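Dear colleague,

Please find the structure below, together with its sequence. My notes on it follow.

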Amino acid sequence: MSIEVNGMSVETDENGYLVNLDDWTEDVAVKIAEGEDIAMEEGHWDLVKF
């Protein structure tokens with residue numbers, strides 16, 4: 001599976017996890033969250049950046 005982020009294809013496994021952790025960006029995190037019906041807000045980012 002893959003997701004499209006900023007015109008690039010990012011590979012994910014069958015559970016939606018990144019295949020290559022080096023592909024992680026904030027834009028990728030937003031796209032993954034959108035797939036789970038989550039809007040990334042300040043509290044989410046605080047946890048991610050912790």
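Buried residues account for 18% of the 50 residues in the protein chain. Please bear in mind throughout that this is a predicted model.

Overall form

The protein chain contains 2 helices and 2 strands, and along the sequence they follow the pattern β-β-α-α. The C-alpha atoms fill a box of roughly 30 × 20 × 20 Å along the principal axes. The radius of gyration is 11 Å, which agrees with the value near 10 Å that a compact globule of 50 residues would have. The accessible surface amounts to about 4100 Å², and carbon and sulfur atoms contribute 51% of that area. Of the contacts between residues at least 6 apart in sequence, 14% join residues at least 24 apart.

The core and its surroundings

Which residues form the largest nonpolar core? There are 5 of them: Ile 3, Val 5, Val 10, Leu 18 and Val 28. Setting aside residues up to four places away in sequence, Ile 3 touches Met 8, Ser 9, Val 10, Thr 12, Val 28, Lys 31 and Ile 32.

Helix H1

The buried residues of H1 are Val 28, Ala 29 and Ala 33. Seen down the axis of H1, these buried residues fall within an arc of 135°, so they line one face of the helix.

Is Thr 12 buried or exposed? With a relative accessible area of 6%, Thr 12 is buried, because that value is under the 20% cut-off. Leaving out neighbours within four places in sequence, Thr 12 is in contact with Met 1, Ser 2, Ile 3, Tyr 17, Leu 18 and Val 19.

Asn 15, by contrast, is exposed, with a relative accessible area of 55%. The C-alpha atoms of Asn 15 and Met 1 are 9.2 Å apart in space, while the two residues are 14 residues apart in sequence.

Two residues with positive phi

Most residues other than glycine have a negative phi. Asn 6 has a positive phi, near 50°, and lies in the loop between S1 and S2. At 63% relative accessibility, Asn 6 is exposed.

Asp 37 likewise has a positive phi, near 60°, and is a residue other than glycine. Asp 37 follows H1 and sits in the loop between H1 and H2. Why does Asp 37 count as exposed? Its relative accessible area is 75%, and exposed means over 50%.

With kind regards

Key. Residues numbered from 1 in each chain as written. Predicted model: local features only at pLDDT ≥ 70, side-chain atom pairs only at ≥ 80, totals over all residues. Heavy atoms only, no water. Buried < 20%, exposed > 50% of the residue type's maximum accessible area, 1.4 Å probe, protein only. Core = buried A, V, L, I, M, F, W, Y, C linked by side-chain atoms within 4.5 Å. Contact = heavy atoms within 4.5 Å. Helix = DSSP H or I, 4+ residues; strand = E, 2+ residues; numbered from the N terminus. Arc of directions from axis to C-beta. Rg over C-alpha atoms; globule rule 2.2 N^0.38 Å. Areas by Shrake-Rupley, 256 points an atom, 1.4 Å probe, with all protein chains shown as cover.
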